[in-house]
Amino acid sequence: MSVRKHILLSASIAILLGGCALTTGGAPPPLPFAPAALQHDPAPVSPAAVVQTGTVIGPRLHVQSIHETEPVTARVETANHIALREPTSAGYINAAQIYPFSDNALYRLYATPGQVSDVALEPGETLSAISAGDTVRWAVGDTASGTGTSRQVHVMVKPFAAGLTTNLVILTDKRTYHLELASTEHTAMAALSWSYPQESLVAAKAAAEQGPPTIDSGLQVDALQFRYAISGDNAPWKPVRVFDDGKKVYIQFPDHIDRGEAPPLFVVGQDGQSELVNYRMRGNFYVVDRLFNTAELRLGQDPQQVVRITRTDNEPHKGGLAGLFGG
């Protein structure tokens, strides 16, 4: 072994022996004891709630019905009373009460023993079934008038005594009618039918999309002459305006002329005799194929409503658009 290696080995042995001496010496001084500070456990975290499908999240409001404290029968009576439609003076055209139709409404019909009340459905409507609550003391049947598209179903109702009440349900291919029947000693509604505002709105919209209606082909506005006076009874169908173009006479009725029966037109000759004349209905107009001096519209019997149309050539008149639109 060389001298250099001998020196390195001796130094390493000396270092190891010194470390052993330090390790096997006396015990190290004890460390000072410091108690740990008291700490509170954090509040436990609540697990997330499981929300079922369809649950409304948010504050719950207590909803209480206005009539909740009333008996159930009282609520039914209140609803029926609100839905009941009674006859009105403005709803009459001659002897027929015209109700505006509304789904799920109740319509009153007054009848009396010994008389038949006519419930007329919409022309073209097909009857499916009729059901009356009291079929022992009330006679209910059906028939029809007209043919083709003008065929109209009529439901005939007659009570056997006064002071009776029941209900009547009429089912058709278009709608369901609910009627409340009541019999009296002497008062009866001769006829009952409906107007249909919803269908009228749809038809008006379709007509508006197609453009204004044509009264007659070849009508010259500048040739119109407003030289007719209208007199007689104040019937609901009384014309609002009459004019001619030198060849034909045009009689304009109120817009609701389609809700009831249209009056026939008679031309009064020089001898005072009345005769029918050829005319056709276009919208709310009668188009008469000839000129006349005097004509009458007549409807009903005992009493009969009569409206007279008289030509007034000796009076100044307005022509063209001014007369047509009342200018």
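**A conversation about the model**

Mentor: The largest cavity holds about 40 Å³ of space. Please keep in mind that this is a predicted model.

Trainee: How many cavities of 30 Å³ or more does a search of the whole structure find?

Mentor: The search finds one.

Trainee: Which residues line the largest cavity?

Mentor: The lining consists of Ile93, Pro236, Trp237, His256, Ile257, Gly260 and Glu261. Sorted by class, four of these residues are nonpolar, two are polar and one is charged.

Trainee: Let us step back. How many helices and strands are there in the protein chain?

Mentor: The chain has four helices and 20 strands. It is 327 residues long, and 29% of those residues count as buried.

Trainee: What share of the contacts with a separation of 6 or more comes from residues 24 or more positions apart?

Mentor: Such residues account for 60% of those contacts in the protein chain.

Trainee: What does pairing involve in general?

Mentor: Strands of a sheet pair through backbone hydrogen bonds, in either a parallel or an antiparallel sense.

Trainee: How do E5 and E8 run, parallel or antiparallel?

Mentor: Strand E5 (residues 117–120) and strand E8 (residues 152–159) run antiparallel, joined by four bridges.

Trainee: What does the side chain of Ser117 reach?

Mentor: The side chain of Ser117 reaches the backbone oxygen of Met189 at 2.7 Å. Leaving aside residues up to four places away in sequence, Ser117 touches several others, among them Leu109, Tyr110, Val155, Val157, Ala188 and Met189.

Trainee: Now for E14. Which strands does it pair with?

Mentor: Strand E13 (residues 241–244) pairs with E14 in the antiparallel sense over four bridges. E14 is also joined to strand E18 (residues 285–288) by four bridges, and this pair runs antiparallel.

Trainee: Are the faces of E14 covered or open?

Mentor: In a regular strand, side chains alternate between the two faces of the sheet. In E14 (residues 249–252), both faces are covered. Val249 and Ile251 lie on one side, Tyr250 and Gln252 lie on the other, and all are buried.

Trainee: Changing topic to loops: where does Arg175 lie, and why does it count as buried?

Mentor: Arg175 lies in the loop between strand E9 (165–172) and strand E10 (176–183). Arg175 counts as buried because its relative accessible area is 7%, and the limit is under 20%.

Trainee: Which polar contacts does the side chain of Arg175 make?

Mentor: One is with the side chain of Glu122 (3.0 Å), and another is with the side chain of Tyr177 (3.3 Å). Not counting residues up to four places away in sequence, Arg175 touches Phe101, Glu122, Glu125, Ile170, Tyr196 and Glu199.

Trainee: And Gln270, is that buried or exposed?

Mentor: Gln270 counts as exposed because its relative accessibility is 87%, over the 50% limit. Gln270 sits in the loop between strand E15 (265–268) and strand E16 (274–276).

Trainee: How far is the C-alpha atom of Gln270 from that of Asn293?

Mentor: The two C-alpha atoms are separated by 9.0 Å, with the residues 23 apart along the chain.

Methods. Residues are numbered from 1 along each chain as its sequence is written. This is a predicted model: local features need pLDDT of at least 70, side-chain atom pairs count only at pLDDT 80 or more; totals for chains, interfaces and linings use all residues. Side-chain values use heavy atoms; hydrogens and water are left out. Helices (H or I, at least four residues) and strands (E, at least two) are DSSP runs, numbered from the N terminus. Buried means under 20% relative accessible area, exposed over 50%, partly exposed in between (1.4 Å probe, protein chains only). A polar contact is a pair of N or O atoms within 3.5 Å; within protein, one must be able to donate a hydrogen and the other to accept it, and residues adjacent in sequence count only if both atoms are side-chain atoms. Contact means heavy atoms within 4.5 Å. On a 1 Å grid over the protein atoms alone, a cavity is a set of points where a 1.4 Å probe fits but cannot get out, and a pocket is an open set with protein on both sides within 12 Å along at least five of seven lines; lining residues have an atom within 4 Å of a point. Grid points are joined across faces, edges and corners, and a volume is the space filled by probe spheres set on the points. Ala, Val, Leu, Ile, Met, Phe, Trp, Tyr, Cys and Pro count as nonpolar, Asp, Glu, Lys and Arg as charged, and the others, Gly among them, as polar. Two strands pair if DSSP finds at least two bridges between them.
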